[in-house]
Amino acid sequence: MAGMWFREAISRRGLLWGGAAAATGSVISAGTSFGQNAHDGHTAVARTGYSSAPADHGGAHGAMITVGEVDDIRNGFAPAALLTEWDTGTVSRTPDGRVLRTFEVDAIDKEIEIAPGIFFPAWTYNGRVPGPSLRATEGDRLRIVFRNLGSHPHSMHFHGIHAARMDGVPGAGLIGPGEEFVYEFDARPFGCHLYHCHALPLKRHIHKGMYGLFVIDPDPQRHPEFADVARSRLLGTQENAAWQEFAMVMNAFDTNFDSENEIYAVNTVAHAYMKKPIRIVRDRPVRIYLANIVEFDPVNSFHLHANFFDYFEQGTTLTPTLKTVDLITQVQAQRGILEFTYAEHEPGLYMFHPHQSEFTELGWVGMFDVVETVA
Ligand SMILES: [Cu+2]
């Protein structure tokens, strides 16, 4: 497999850069020639006499990121908003007084732009990829009203605790186009989970875009020994508001359906957080809800630059499962919570990316813009 890498990497990268340039009909600008030189490499540099890049683009290889802009309005979702938008449903009470949290999710076929000029015929939950980041509190009763407005059978399979008939597999909540199903179960265990379609063929349905985060906040009353920690995780509390929380789903797209990915990202749009770094205030702690849903590649990872973090595997504990690490790996459907601070750092741009370098070059890399205060 390693022997195949070089040839495939070239053809996959060629598609990314060439596709972006062709589809946008780019004029020859500094930015465009730069992107083309980036994939042509040393030979092109020598042939064209191209010797230096603008200082802010990282040297002779160029910025190594996509050229142009994705149309967020056409997509109907913006990478910056995907980080912080939580769907907490509609809250009511069950007859016995428990919190009943109702979510509404529609399966919708939708073409999305995943890199400048590169469109992907996605299957979505609520028109976005990843689907809505569902968030509940431990012990809630959850009701998810799922309507299939798409062209294929779909389901919602939750990584949580529930009855067999709520499992979202064939015969248990997998529905055809035009049908509706209501999943109902208790929110447990607390943690950073996910949901995805479980229709067959499974890898096709997942990689088309049918996945999302499913976060269950701990109920502080159930964890008296770590009540402060639990409160800091519970959305809506003062303690939680002190944190800067971000939802990140590591995903990838097979644009030519050859069971290999051409574009990698966190939250779908290649290089989005390189072009618009994620601003964080230096003195406030950061918490990332991270999941890996990449098909076709066996492992993904998250590496933070110039810093270390604590990691809570699957988010199901209130003390870290890994302390002081700067890299974690995740196989598909693995997820966890990262906590860190830049309080002791000088302000600046701090990179994060997987340590599979090919993924980084094909779109999955971003920056935190650490600032003293937000104006
Ligand atoms: Cu599906």
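Donors here are N, O and S atoms within 2.8 Å of the metal. With that cut-off, the donor residues of the copper ion follow the spacing H-x42-C-x7-H along the sequence. Keep in mind that this is a predicted model. The briefing starts with the copper site, then takes in the whole protein, and ends with one of the sheets.

**Copper site**

- Three residues hold the copper ion: His154 through ND1, Cys197 through SG and His205 through ND1, at 2.0 to 2.1 Å.
- His154 sits in the loop between strand 5 (141-148) and strand 6 (157-158), while His205 belongs to helix 5 (residues 202-207), so the two histidines tie together parts that are 51 residues apart in sequence.
- Both of these histidines, His154 and His205, are buried.

**The protein as a whole**

- You'll find 9 helices and 20 strands in the protein.
- Of its 375 residues, 54% are buried.
- If you take the contacts with a separation of 6 or more, 70% of them link residues 24 or more positions apart.
- The protein exposes about 15800 Å², and carbon and sulfur atoms supply 56% of that area.

- For strand 14 (residues 300-304), 5 of the 5 residues are buried, so the strand is largely enclosed by the rest of the structure.
- As a general point, side chains in a regular strand alternate between the two faces of the sheet.
- Strand 14 is covered on both faces: Asn300, Phe302 and Leu304 are buried on one side, and Ser301 and His303 are buried on the other.
- Strand 17 joins strand 14 through 4 bridges, and the two run antiparallel.
- In strand 17, the residue opposite Phe302 is Ile328.
- Strand 19 (residues 348-353) also pairs with strand 14 in the antiparallel sense, over 2 bridges.
- In strand 19, look for Phe352, which stands opposite Leu304.

Key. Residues numbered from 1 in each chain as written. Predicted model: local features only at pLDDT ≥ 70, side-chain atom pairs only at ≥ 80, totals over all residues. Heavy atoms only, no water. Helix = DSSP H or I, 4+ residues; strand = E, 2+ residues; numbered from the N terminus. Buried < 20%, exposed > 50% of the residue type's maximum accessible area, 1.4 Å probe, protein only. Contact = heavy atoms within 4.5 Å. Areas by Shrake-Rupley, 256 points an atom, 1.4 Å probe, with all protein chains shown as cover. Donors = N, O, S within 2.8 Å, 3.2 Å for Na, K, Ca; no water. Pairing = 2+ DSSP bridges.
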